[in-house]
Amino acid sequence: MATLVSSNRVVVKIGSALLVDRKKSELRAEWLHSLAADVAWLKGLGKDVILVSSGSIALGCGVLELPQADLALEQSQAAAAVGQIRLARAYEQALFPYNIKTAQVLVTLEDSENRRRYLNSRATLETLLSLGVVPIVNENDTIATDEIRYGDNDRLAAQVAVTVGADCLILLSDVDGFYSANPSLDSSATRYELIDKITPEIEAMAGDGVSGLSKGGMITKLLAAKVSTAAGCAMVITEGFHHNPLKRLYDGANSTWFSAQTDPQAARKRWIAAMKPRGEISVDQGADRALRSGKSLLPAGITHVEGTFGRGEPLAIVSPEGHKLGQGLSRYTDTETRAIIGCQTHQIEAILGYPGRAALIHRDDMAL
Ligand SMILES: Nc1ncnc2c1ncn2[C@@H]1O[C@H](COP(=O)(O)OP(=O)(O)O)[C@@H](O)[C@H]1O
Ligand SMILES: N[C@@H](CCC(=O)OP(=O)(O)O)C(=O)O
């Protein structure tokens, strides 16, 4: 709870069963309106909000009059393509009365493994948030395959939380927290208020979902908790079926919190520092001083480039005395970098023939 109060950037995962009434294959419109009110309230408190919402397959099945279960992969993907339009429109309409703009963002697991795509999605999400937009994220089911599927959106939500450096991930579920055993099978199971560390004993308590609609149960939620907490983002599981689920959480509804193991910025720096550099950039005295005072590395301060690298790849940064200052992710290829060595920002477009980014290595992508 304290974490929700103090967080600046919140990712909320909404499962299909909350958004769609499976019996009627219809949107739970009143519930969605209550969620929109909660999102507006969180934004009013100054927090950035990102929604990771499932429901495209369930909505599409309703439109196409397909059964909700036992679909072939292609049928699920077709249903998702039909349902996703409606899903995005439903959020847009629900948030419109609060003057909140929405964006549709479709991603796959591969996107986070490919560093260039990862950096692009990070930059886009960051820009959307800076414009006050609430991104509505879902898996890109059209191109996801059995092998690369997340299985469900729990891990997708954790990945998004890590990508944008969120400090709080809320999983709205059909259960009000993590129990010592699956509570729908074992009535003596007790709920944890707080889990500081995910031990093998905790892992052994997580079971599958039993609703028949669920994909991951607690197993994928623990995987999500591992990913997000290691990257400095606290995670909470709470029941989301009732109206105003976020306000209810804020007001102390039952939940289980998983503590962040570090802070998002430190985790990202460690991740970058652990990469094997693909090239080397030497900088002049001015750039050396600028980097030490927390600035980004501009092409103007570069004196020499070594190696072959693509955008998003790690580079070592070397001082005028030949010492390694640190490393960071490049926003240009080695060919582009060689072309703009020593140039001022306003010259970049004329040299490359297209507008580039001002910094070769942004301060957020740098570990000194
Ligand atoms: N240790 C556990 N604590 C709580 N729920 C558990 C546990 N193990 C398995 N479950 C099951 O996980 C379900 C929640 O996951 P899931 O059905 O995938 O829902 P969703 O992804 O929509 O939140 C619970 O309803 C419960 O049946
Ligand atoms: N991309 C799919 C996600 C399916 C899914 O993960 O569902 P859920 O287990 O309800 O979160 C959809 O929108 O239907």
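Leaving aside neighbours within four places in sequence, Ser 173 is in contact with Gly 15, Ile 237, Glu 239 and Gly 240; two residues are in contact if their C-beta atoms, placed from the backbone, lie within 7 Å. This is a predicted model, in which local features need pLDDT of at least 70 and side-chain atom pairs count only at pLDDT 80 or more, while totals for chains, interfaces and linings use all residues. Residues are numbered from 1 along each chain as its sequence is written, and chains are lettered from A and ligands numbered from 1 in the order in which they are written.

## The site with Ser 173

Ser 173 lies in strand E7, residues 168–173. Helices (H or I, at least four residues) and strands (E, at least two) are DSSP runs, numbered from the N terminus. Is Ser 173 buried or exposed? Ser 173 is buried, because 26 other C-beta atoms lie within 10 Å. The rule is that a residue is buried if 20 or more other C-beta atoms lie within 10 Å of its own, exposed if 12 or fewer, and partly exposed in between, with C-beta atoms placed from the backbone.

UniProt, in an unreviewed entry, places the feature "binding site" at Lys 13, Ser 173 and Asp 174. These three residues span 162 residues in sequence, yet no two of their C-alpha atoms are more than 12.0 Å apart, so they gather at one spot. UniProt positions are given in the numbering used here, feature names are shortened, and annotations may be inferred rather than shown by experiment. Asp 174 sits in the loop between E7 and strand E8 (194–195).

## A second annotated site

The UniProt annotation "binding site", again from an unreviewed entry, also covers Ser 54, Asp 141 and Asn 153. Although they are spread over 100 residues of sequence, these residues cluster in space, with a largest C-alpha distance of 11.2 Å.

Asp 141 lies in the loop between E6 and H8. Not counting residues up to four places away in sequence, Asp 141 touches Ser 56, Ser 76, Gln 77 and Ala 80. Asn 153 lies in helix H8. With neighbours within four places in sequence left aside, Asn 153 is in contact with Lys 13, Val 52, Ser 54 and Glu 139.

| Residue | C-beta neighbours inside 10 Å | Class |
|---|---|---|
| Asp 174 | 15 | partly exposed |
| Asp 141 | 23 | buried |
| Asn 153 | 26 | buried |
| Ser 130 | 9 | exposed |

Ser 130 is found in helix H7, residues 115–130.

## Around ligand 2

How many residues surround ligand 2? There are 16, and the closest are Ser 16, Ser 54, Ser 56, Ile 57 and Asp 152. To be near a molecule, a residue needs its C-beta atom, placed from the backbone, within 6 Å of it. Helix H2 (16–19), helix H4 (56–64) and strand E6 (134–139) each supply at least two residues of this shell, and the largest share, three residues, comes from H4. By class, the shell around ligand 2 has four nonpolar, eight polar and four charged residues. Here Ala, Val, Leu, Ile, Met, Phe, Trp, Tyr, Cys and Pro count as nonpolar, Asp, Glu, Lys and Arg as charged, and the others, Gly among them, as polar.

Seven of the nine residues of H4 are buried, so H4 is largely enclosed by the rest of the structure. The buried ones are Ser 56, Ile 57, Ala 58, Leu 59, Gly 60, Cys 61 and Gly 62. Their cover includes H2, strand E2 (20–21), strand E3 (26–27), helix H5 (73–95) and E6. Just after H4, Glu 65 takes a positive phi of about 55°.

The axes of H4 and H5 come within 6 Å and cross at roughly 100°. Axes are lines fitted to C-alpha atoms, for helices over the stretch in contact, and angles run from 0 to 180 degrees between N-to-C directions. The residues of the contact between H4 and H5 divide into eleven nonpolar, five polar and one charged.
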